[in-house]
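Hi there,

Here is the structure I promised to pass on to you. Have a look at it first, and then read my notes below.

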Amino acid sequence: MKLKIILIALIAIAVIPGCKRDDDKLLEPGVSIELAKHRKQNISNIHYNLFFNLPSDENEKITGTSNISFTIADNNSQLILDFRAPEENIIKVSANGQLINNYLFKNEHLVIPDTYLRPGDNTISVDFISTDQALNRNPDYLYTLLVPDRASTAFPCFDQPDLKARFSLKLEMPDYWEAISNGAKNEKHKNNSRKTVSFLPDKPISTYLFAFAAGDLKTYHHSDADFSMTVYHRETDKELFDNNINKIIDMHKESLQWMEGYTTIPYPYEKLDIILVPAFQYSGMEHPGAIYYRDSRLLLEEGASLSEQLGRASLIAHEVSHMWFGNLVTMNWFNDVWLKEVFASFMADKMVHPQYPEADHGLRFLTTHHRRAMAIDRSRGTHPIRQDLPNQKLAGTLYGPIIYNKAPIAFSQLEKLMSDKHFQNAVKEYLDVFSHGNANWDDLVKILNKHTEINIEKWSDAWIYGKGMPEISYKLYSKDNKIKDFKIKSTNPDPAGPFPSQLICYALLYDNNEVLYDEIFVEEHETLLKELCGKDIPNAVLLQAGGCGYAYFLPSEKTRQYLLTSLQHIYNDYLRIVGIMNLHEDFLNGNIKPVTYYESLLKSINKETHPQIIPVLLDNLKTVYWGFLNDDQRLSYSKISEALIWEHFTGNTSDQAQLYFKAFIEMGLTEYAIEKMRELLKDKYNIPGFKLSESDKVDIICELAVRDYENIAFLIDKQLESMQNPDRKRRFEFILPALSQDADVRDTFFEELKIKEKRRHEPWVIDALTYLHHPLRTDKSLSYIHESLAMIEEIQKTGDIFFPQRWLNATLNGYSSKEAKNIVENFLEENPGISENLRLKILQSADMLFRKAE
């Protein structure tokens, strides 16, 4: 038998064009770019007819059949399917009605000999057992999540984005379950306690976009003259659901209408339904016809802050935008995954404007995209927007703030340079030309070039292929209290590459809130601003006043001191947030002492009223409090910090109370704070616009636990008894060992996380890790760091796309010691063979630790 297998393998390798026996790129694990190109040249007109048998018991195996019809250009080479499962999970294989016993299974690939194929139309049928990796099984529901390369863990397929296909689906499941998929439901058949539900095929989509969810789900159907949608969910709090559902429906409808107006292309698919998933790994996932959302991102509690409301609107707009960008037109290969994400984020920012006219959307662009992108670009782990990808098995490592946040900044610059109208016309042409097909960045560059005189290739070399952010500073020379010379200096982050030329807007700040503005185009050299000669000397200069510039804007010492002492007196909201961001970046670059900066933040928080600025200040305050103040400094500032935050929490309007509540329970250390938390649990306070939710109570108990509150066991038991939502209760039970005051219990819990099945609910794992590595417990949890880093390759292979970065962040964020820093640096030195993308992610997550420990 062993000899037979070896002979089959040698035959298969010999007849596939370009094979080099065991080092053949076509049959390496994952999907190599060579295999993807080989199949794209030879395979077309794909239709999957899939069947899955879904048992009610989450521990029983899921079986299925994959019938794949397709056209091949010639049959002179074997057919290579992808199936990331053990070989014993293949039950039966046939081609064109003929049973196949001599197929080859190697390195996650099922190889069909060419003798079973014919030029033109073919059909392959495989009976199989699915793995659970992408099926997200729970006691009473499950859902697929196949992005970027997980379809082949669920069923045999051609798992690459440029082989689009039509999908027909049939599910057999318990008769009380509901199901959602990409296509419309066709028919249902009941048989005793089971039923079969089928879904019609829709337009061609990539395998990573195929989806279904099934289980004990509730449904809410909306229909009017213009729009219909079914919402699937598991929420038990009827009031919470009812308070949100109309807004959720309206936002989807408005986003669809906006996209149809901007692109002049109708919604590309037959229907649009959504499912609200407890503990969903992402905020959302854009499956055509069946968008998934994490339930807590859309079902907002009473008194949700403006930032949370804007976040929900932006998330919905982002996923709806994907119906055109990513679904209608899909990247050829995952090295251009950034292309679908930049359009989705960029369009979402535009869509939210009319939904929230009262918000400052330019300010929000700064506080979301700029802050998150800079967090990566300031680190040693930064990378270009467009990255190389030799094999799709590493596609998940390409995701992160650079593609979600820096890329929209780059496109904002590009739109300003081209003009809104020319940019829109280019985008419309791009969608028209590649409708229901695939494209790459080079394809879009050719179209952009037709709509502008700008050299897009040169711009792309700096913004898309360059990495890091420039440093932009200024020199002011004076004479007789007037400006004699004013020069702006730009330093390239990558001396070997082109400079990311950009528009910036500078502002000179004077007494009585007088401001002098102007916009300039900055390149890599000193720029003399002759127009400022003879002007009065300002109190401060801000080089990012227009918000479009992207750099570390290094302030002069005079501007630095002005921002530290007078920031809260800047009347203009936009200039004030620019000053806040400049000051924070300056602090992280080591130019301000922690105590000095912390006191400045307290003054700003005491005066700030803007609902979009308050969360930024509170985030910065928590960063300094836990990471940069030493223990004595933290204790000395704890009382004043707690009193200030409590005062704002109890005295503020509804859209701000939740922000201060979170800050108070996360920062409270003194007996005063502990008692306030206990009183909140007893509902002793009636705070305008604030209602303590079930989740809020759990958060308080978790914070008390890591502070070793003596009666914590009583509070935990009482909370578990009162919890009505089974999913939230399971989440609380999961993280309890990480909260334990017994270090042995926490050690056991961490050891269990090494088992793949224990990491199934990734958001729960991240929450538990955050408490496990809480700053108050870092002396006991330091030993977990090296083992957590050693697990990162396994985490990347078995977890979803954002899990590795979140695992690293949750592991490292609580530390500020030199010992922790040394553990990370020693691990990287001892493991030079770790993949480059994972090495960069470690450096990204460790950046704040490195700065704290300096």
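Which strand gives the largest share of the lining of the second largest cavity? That share, 4 residues, comes from strand β11 (residues 165-174). Before I go on, please keep in mind that this is a predicted model, in which local features need pLDDT of at least 70 and side-chain atom pairs count only at pLDDT 80 or more, while totals for chains, interfaces and linings use all residues. Residues are numbered from 1 along each chain as its sequence is written, and side-chain values use heavy atoms, with hydrogens and water left out.

**Cavities**

On a 1 Å grid over the protein atoms alone, a cavity is a set of points where a 1.4 Å probe fits but cannot get out, and a pocket is an open set with protein on both sides within 12 Å along at least five of seven lines; lining residues have an atom within 4 Å of a point. Grid points are joined across faces, edges and corners, and a volume is the space filled by probe spheres set on the points. Helices (H or I, at least four residues) and strands (E, at least two) are DSSP runs, numbered from the N terminus.

The whole structure holds 13 cavities of 30 Å³ or more. The second largest cavity has about 100 Å³ of space. Its lining is made of 16 residues, and Phe167, Asn182, Gly183, Leu200 and Asp202 lie nearest its centre. By class, 10 of the lining residues are nonpolar, 4 polar and 2 charged (Ala, Val, Leu, Ile, Met, Phe, Trp, Tyr, Cys and Pro count as nonpolar, Asp, Glu, Lys and Arg as charged, and the others, Gly among them, as polar).

The largest pocket has a volume of about 850 Å³. Among its 35 lining residues, Gln133, Lys756, Lys797, Thr798 and Gly799 lie nearest its centre. Two or more lining residues come from each of α27 (792-798) and α28 (803-812), with α27 giving the largest share, 4 residues. This lining has 9 nonpolar, 11 polar and 15 charged residues.

**Nonpolar cores**

A nonpolar core is a set of buried Ala, Val, Leu, Ile, Met, Phe, Trp, Tyr and Cys residues joined through side-chain atoms within 4.5 Å. Buried means under 20% relative accessible area, exposed over 50%, and partly exposed in between (1.4 Å probe, protein chains only).

The largest core has 165 residues, and Phe155, Trp324, Phe411 and Tyr430 have the most contacts inside it. Helix α7 (residues 337-355) gives the most to this core, with 10 residues. Contact means heavy atoms within 4.5 Å. Leaving aside neighbours within four places in sequence, the contacts of Tyr430 include Phe325, Leu339 and Ile447. A second, separate core of 113 residues includes Leu363, Phe690, Met723 and Met791.

In helix α21 (residues 712-722), Ile712, Leu715, Ile716, Gln719 and Leu720 are buried. Why are they on the same side of α21? Because they cover an arc of only 130° around the axis, taken from the directions from the helix axis to the C-beta atoms. On the other side of α21, Phe714, Lys718 and Glu721 are exposed. The cover over the buried residues includes α19 (671-681), α20 (694-706) and α22 (726-739).

**Proline 156**

Last, find proline 156 in the loop between α3 (151-154) and β11. Proline 156 counts as buried, because its relative accessibility is 0%.

Enjoy exploring!
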